[in-house]
Amino acid sequence: MGYSLSKSMFLRGLQCHKALWLYRYRAELIPEPDDVMLQRFADGKEAGNLAKELFPGGVEIPYESNANNMVQKTLELIEAGIDTIYEASFLYDDVFVRADILHKTPKGWELYEVKSSTDVKDVHIDDVAIQCYVLGGSGIDVTKASLVHINSDYVRRGEIDVKEIFLIKDVTAQVQERIKTIRQELEAMRRVLSAHRREPSIDIGPYCNVPYECPFKHYCWAHIPETSVFSINRLKGTRKFGLYYEGIIDLKDLPADYPLSPGQRIQIEAELKDIEFVNEVGIKGFLSSLHYPLCFLDFETFRRAIPPFDATSPYQQIPFLFSVHRIDSPEGELMHYYFFAEPGIDQRMELASALLEAIPEDACTVVYNAAFEKGILKDLADRYPECRERLMSIHENIVDLMAPFKNKHYYVKEMKGSYSLKAVVPALLPELSYDKLPISNGDQASVEYLKLPLIEDPALSEKIKQDLKKYCEFDTFVMVKLVERLMEL
């Protein structure tokens with residue numbers, strides 16, 4: 001490598017010295033990134049490439065395995081009078097960094113770090129600070145340091161307006177203050193790394209998840225059983241770790257007088273005594289809110305940092321598929337409707353029209369996690385005024401099937417403290433399983449849909465489309481069966 005620390009290693013060390021040590025000496029423990037993570041990387045790369053247009057005409061330093069080559073090429077560009085460099089590379093104090101955008105003005109060099117997030121986080125200040133530390137040590141006087149991030153209020157109209165989709169925040173003062181502690185922190189990290197054969201003895205803590213979930217969490221948390229105090233639903237993390245640091249891990253070891261909500265007590269009692277909790281009054285109250293025609297609705301969506309269509313915003317949930325199961329009367333047959341939007345084409349209008357065909361006026365529409373589906377319907381209604389009245393009628397007639405499980409009207413230990421559909425279905429409908437589906441969750445569905453334009457094999461493309469439809473249909477089908485199951489209790 002030609003250096004002992006990089007920017008990413010420094011940030012990892014700030015989060016946890018043990019993670020830094022494991023990254024250096026036990027990197028084989030890091031899981032391979034899944035498709036969801038790879039899509040996030042792709043979004044970040046797309047945002048980074050687009051941000052270069054804020055400072056056009058620059059020269060990029062291509063990545064090489066030899067850091068010294070990248071540093072040398074950067075210095076050559078600076079000496080040649082190039083005023084904008086992308087991925088400018090520097091090595092100082094045995095720390096290697098690459099700056100997204102380095103731009104020279106009459107007042108001096110300005111550094112711009114690009115993030116695909118919609119706000120500025122503390123870790124971003126650390127990110128810029130280590131870069132400015134290395135650049136300063138390399139003789140580059142950074143007169144201004146800024147973070148470039150996504151403007152969540154941006155709405156696409158035609159071609160992307162790079163000056164509108166990005167916000168630039170001057171963080172020079174915060175970075176200058178942060179730099180004061182960097183040398184001391186680097187020394188501490190080097191002491192940890194110097195012990196080649198001695199893994200740091202650092203217990204788990206809130207830092208395992210902040211600011212990011214650590215890739216070594218599976219290793220460091222191996223001693224925590226699947227069901228523990230960390231499984232208690234809606235218990236604050238500080239309280240969970242408070243119990244852990246007192247030596248309380250198993251639910252059976254919780255003090256009898258430990259303050260918990262009624263729902264948390266139900267969860268723990270169900271786990272310890274294997275009791276089925278059924279609140280008949282609560283379940284009947286939920287069932288009484290249903291009426292015919294009865295529809296069961298689920299949307300599949302994708303979102304991108306850079307909005308792909310007109311009238312969309314960064315990270316907006318864009319529906320590409322819906323499934324509706326419908327029963328018009330207590331004795332009526334179960335009917336199924338769906339719409340699938342072709343990848344790369346904005347077919348939200350067609351989707352909205354198909355939805356209005358599938359769901360009759362004044363129907364009761366059952367969803368799981370109403371906030372999500374209501375948000376999609378509201379976006380569609382705002383986008384297409386001609387459909388607004390009908391779409392908002394569906395919106396107002398939604399009933400959330402998650403409610404009886406969230407409120408613990410029904411609970412068994414197999415739900416493991418969760419009221420998500422993926423937890424409830426195995427508990428109440430063990431004969432049905434998401435595990436048998438090629439696509440089994442919403443994140444995976446989104447990623448597979450985004451892959452479709454890149455697939456040249458028609459047979460593979462068609463298989464993915466069918467798998468997506470099966471997954472969405474399964475979501476609404478299990479909702480039908482859950483309502484039937486609640487009626488039997």
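Student: Let's begin with two helices: is the crossing in which H17 passes H19 left-handed or right-handed?

Tutor: H17 passes H19 in a left-handed crossing, meaning that the near helix is turned anticlockwise from the far one by less than a right angle (clockwise would be right-handed). Before going on: this is a predicted model, where local features need pLDDT of at least 70, side-chain atom pairs need 80 or more, and totals for chains, interfaces and linings use all residues. Residues are numbered from 1 along each chain as its sequence is written, and side-chain values use heavy atoms, without hydrogens and water.

Now find the two helices: H17 covers residues 421-428 and H19 covers 458-488, and they pack at about 55° with their axes 11 Å apart. Axes are lines fitted to C-alpha atoms, for helices over the stretch in contact, with angles from 0 to 180 degrees between N-to-C directions. On the H17 side, Leu421, Lys422, Val424, Val425 and Leu428 make the contact, and H19 brings Tyr471, Asp475, Val478, Leu482 and Arg485 (contact is heavy atoms within 4.5 Å). Sort the residues of this H17–H19 contact by class and you get 7 nonpolar, no polar and 3 charged. Here Ala, Val, Leu, Ile, Met, Phe, Trp, Tyr, Cys and Pro count as nonpolar, Asp, Glu, Lys and Arg as charged, and the others, Gly among them, as polar.

H1 (residues 7-15) and H2 (residues 17-25) pack at about 140°, with their axes 5 Å apart. H1 is therefore oblique to H2 as well. Met9, Arg12 and Gly13 of H1 meet His17, Ala19, Leu20, Tyr23 and Arg24 of H2. By class, the residues of this H1–H2 contact come out as 4 nonpolar, 2 polar and 2 charged.

Step back for a moment to the whole chain. It has 19 helices and 14 strands, which are DSSP runs numbered from the N terminus (helices H or I, at least four residues; strands E, at least two). Its C-alpha atoms fill a box of roughly 80 × 60 × 40 Å along the principal axes. Of its 489 residues, 49% count as buried (under 20% relative accessible area; exposed is over 50%, partly exposed in between, with a 1.4 Å probe and protein chains only).

Next, the strands. An open sheet of 5 strands runs in the order E11-E10-E9-E12-E13, with mixed pairing (a pair needs at least two DSSP bridges). At its edges are E11 (335-340) and E13 (398-400), each pairing on one side only. From one strand to the next, the twist averages 25°. E12 (residues 364-367) and E13 pair in the parallel sense over 3 bridges, and Val366 has Val399 of E13 as its bridge partner. Lying across E9, E10, E12 and E13 is helix H14 (residues 370-383), which runs at about 75° to E9.

Elsewhere, E5 (residues 108-114) and E6 also pair in the parallel sense, over 6 bridges. Glu110 stands opposite Lys144 in E6. E6 (residues 142-150) has 7 of its 9 residues buried, so it is largely enclosed by the rest of the structure.

Finally, some loops. Between E5 and H5 (122-137) you'll find Ser117, which is buried because its relative accessibility is 14%. Among the residues in contact with Ser117 are His149, Ile150 and Tyr315. Tyr315 itself sits in the loop between E9 and E10 and is partly exposed, at 23%. Its phi is near 65°, a positive value in a residue other than glycine. Lys408 also has a positive phi, near 60°; look for Lys408 in the loop between H16 (403-406) and E14 (410-411), where it is buried at 8%.

Two peptide bonds deserve a glance too. Val210 to Pro211 is cis, with omega near 5°, and Pro211 is in the loop between H8 (182-194) and H9. Tyr292 to Pro293 is also cis, with omega near -5°, and Pro293 lies in the loop between H12 (280-287) and E9.

Key:
Angles under 35 degrees count as roughly parallel, over 145 as roughly antiparallel, 65 to 115 as roughly perpendicular and the rest as oblique. Lists of a residue's contacts leave out its neighbours within four places in sequence.
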